[in-house]
Amino acid sequence: MNRTLLTEAHVRVEHIPAHKYVGIWDINATDYASFWERHDCDSICGTIDSMSHVSHRIVTCHTAGWFYENGRKGYFYGFGVPYDYQGVIPDGFEIRELPASDYLVFVHPPFDYLKDCAEVMERVEKLAWNYEPEKEGYEWNEEVCQDYQRHYPEVIGYEVLRPIRKKTD
């Protein structure tokens, strides 16, 4: 492994405006691998690619992530669209409205997918799932907004986004 991977992960805050999300939500899938064990990758990815012309500029095509439903964590895959989107919803997909939120973005910059992917993903996810936002005056906002995952190794790297709000006491 490239030793620089150990020091390159970092955290930033990003605001994501209100938008809609067109995707497949699967409460029985808990991550990327288990989602694709249950769904046809070629069909879903082809549908998403065919919709790229309407995708949101921040929540782009092939943005995935985690959602919470009745105390359970599931996984989703699809693409964001602007809040005013009134267009086609592909068969098998559903659309949900999501409010604006600030997100903590746990990032690793571009890397060699074949060589370092497993370690990069493990490192970023460990940081994301163990982070305590209270130190900066925030709390998680996951009962309202979903967590996102952006994975484009050679261009943006790997990112896990978790919604936050100012802590109230």
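## Close-up views of a predicted model

**Arginine 150 has its place in strand S8, which covers residues 147-152.** Helices (H or I, at least four residues) and strands (E, at least two) are DSSP runs, numbered from the N terminus. Please keep in mind that this is a predicted model, in which local features need pLDDT of at least 70 and side-chain atom pairs count only at pLDDT 80 or more, while totals for chains, interfaces and linings use all residues. Residues are numbered from 1 along each chain as its sequence is written, and side-chain values use heavy atoms, with hydrogens and water left out. Is arginine 150 buried or exposed? Arginine 150 counts as buried because its relative accessible area is 12%; buried means under 20%, exposed over 50%, and partly exposed in between (1.4 Å probe, protein chains only). Its side chain reaches the backbone oxygen of isoleucine 58 at 3.2 Å. Setting aside neighbours within four places in sequence, arginine 150 is in contact (heavy atoms within 4.5 Å) with residues including Arg12, Glu14, Thr63 and Leu161.

Which side chain does the side chain of glutamate 159 meet in a polar contact? That partner is the side chain of arginine 150, at 2.6 Å. A polar contact is a pair of N or O atoms within 3.5 Å; within protein, one must be able to donate a hydrogen and the other to accept it, and residues adjacent in sequence count only if both atoms are side-chain atoms. Glutamate 159 is classed as buried because its relative accessibility is 6%. Beyond four places in sequence, the contacts of glutamate 159 are Arg12, Val105, Phe106, Val107, Tyr148, Gln149 and Arg150. Arg12 and Val105 are also among the contacts of arginine 150.

**Proline 163 belongs to strand S9, residues 157-166.** Proline 163 is buried, because its relative accessible area is 0%. Look across to tryptophan 140: it is 23 residues from proline 163 in sequence, yet their C-alpha atoms are 5.9 Å apart in space. With neighbours within four places left out, the contacts of proline 163 include Ser101, Asp102 and Tyr103. Tryptophan 140 is another of these contacts, along with Glu139, Asn141 and Glu142.

**Helix H4 runs over residues 113-130.** The 18 residues of H4 reach 24 Å from the first C-alpha to the last. This is close to the 26 Å expected at 1.5 Å a residue, where the expected span is 1.5 Å times one less than the number of residues. Where does H4 bend? The bend, about 25 degrees, comes at glutamate 119; the angle is taken between axes fitted to the seven residues ending there and the seven starting there. At the start of the helix, a side-chain oxygen of aspartate 112 comes within 3.1 Å of the backbone nitrogen of leucine 114.

**Valine 120 sits in helix H4.** With a relative accessible area of 1%, valine 120 is buried. Threonine 30 is 90 residues from valine 120 along the chain, and their C-alpha atoms are separated by 19 Å.

**Histidine 62 and asparagine 70 lie in loops on either side of strand S3.** Histidine 62 is in the loop between helix H3 (41-50) and strand S3 (63-69). Its phi is positive, about 65 degrees, although histidine 62 is not a glycine. Histidine 62 counts as partly exposed because its relative accessible area is 26%. Asparagine 70 lies in the loop between S3 and strand S4 (72-82). Asparagine 70 is not a glycine either, and has a positive phi of about 50 degrees. At 77% relative accessibility, asparagine 70 is exposed.

**A step back to the protein chain shows 4 helices and 9 strands.** From the N terminus on, the elements run α-β-β-α-α-β-β-β-β-α-β-β-β. Along its principal axes, the C-alpha trace spans about 45 × 45 × 30 Å. Of the 169 residues, 47% are buried. Among contacts with a separation of 6 or more, 75% join residues 24 or more positions apart.
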